[in-house]
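Student: Could you walk me through part of this model? I'd like to start with strand pairing and then change topic.

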Amino acid sequence: MKAIVQDAYGSADRLHLRDVDPPVPRDDEVLVRVRAAGVDPSVWHLMTGRPYFARLNRQIGLRRPAHRVRGWDAAGVVEAVGAGVTSLKAGDEVFGQCDGSFAEFACGKAEQLAPKPAGLTFEQAAAFPVSAVTALQGLDLARPGPGSEVLVIGASGGVGTYAVQLAVHYGARVTGVCGPTGADLVRSLGADDVIDYTREDITDRAVRYDFILDSAGNRPLSRLRRVLTPHGTVVFVGGENGGPVLGGTDRWMRGLLLSVFVGQKLRPVIAATRRQDLLTLTELFEAGAVRPVVDRTYSLAEAATAIRHLESGHPRGKLVITV
């Protein structure tokens, strides 16, 4: 099969389209013929091997990638199922998480896959799993209710576009933070207000927020706390602007420690794709509460170009690779 393979950590130049043997599903896994794969920051982290401390996990690899094929998000058709799988069968259209989804075939655990919503194309479905699940689980850490003031930092990105829609669905008043090119998109998703970070700082206004989802990862804790209500919650998604060793997770640690001594809660979300969450997102999509935003699609051979676009920091929604 054709796949995007990486033999050593580094830049997108390390990604190559090659012929490799297709994977074989284990008892609890499903083999998926991939039709589309999403591109998200976790792919960049695995490509670069940063932050370095994450390499201590043997599933990632200390000196070189433990898994040579990149990609997580996937949408496609079940080709075969493992001996212990009863929830899916060959021919089912599915979406969810598969290891090595930048390929013609990929394996994923049955518990991390769900039937693809009929109203979504494969490209749209591939834009859902990791980002939408992260937003869903992030907001569930302190579910904002009707009338709550919510601030979504990185509102035009993959996670941010879902966070805005979910917070609006929960009845919150939402302010999105993004660059000038994303303002119209964020408003179209239901945000009541938009802050253009190139012209205005989040501390310039008198508003205090009950909930902040920070998917940009570059603002000091003191600045976030300044715009948070006394018992509000900040949820960190990723740490894209941290150093090479800790990758911003040191800010998570300081936030968790600080939460012990103050009324405010500052915590990270470590998202895990689960079938139930995918089914919940399907219900929300069918109810018109959330929709995927696809910035651009690339062919499998253009995977490195897609990663470089992601590195630019300006995608509006998700980038998707078609297979």
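Student: In which sense do β11 and strand β12 pair, and over how many bridges?

Tutor: β11 and strand β12 (residues 228–236) pair in the parallel sense over five bridges, where two strands pair if DSSP finds at least two bridges between them. Helices (H or I, at least four residues) and strands (E, at least two) are DSSP runs, numbered from the N terminus. In β12, V234 is the bridge partner of I212. From β11 the chain crosses through helix α6 (residues 221–226) to β12, a β-α-β crossover that is right-handed, that is, with the strands pointing away from the viewer, the path from the first strand over the helix to the second runs clockwise.

Student: What should I know about the numbering and the model itself?

Tutor: This is a predicted model, in which local features need pLDDT of at least 70 and side-chain atom pairs count only at pLDDT 80 or more, while totals for chains, interfaces and linings use all residues. Residues are numbered from 1 along each chain as its sequence is written, and side-chain values use heavy atoms, with hydrogens and water left out.

Student: How many residues of β11 are buried?

Tutor: Five of the six residues of strand β11 (residues 209–214) are buried, meaning under 20% relative accessible area with a 1.4 Å probe and protein chains only.

Student: Switching topic, is T48 buried or exposed?

Tutor: T48, in helix α1 (residues 41–48), is buried, with a relative accessible area of 12%.

Student: Which residues is T48 in contact with?

Tutor: Leaving aside neighbours within four places in sequence, T48 is in contact (heavy atoms within 4.5 Å) with Y9, G10 and R55.

Notes. Buried means under 20% relative accessible area, exposed over 50%, partly exposed in between (1.4 Å probe, protein chains only).
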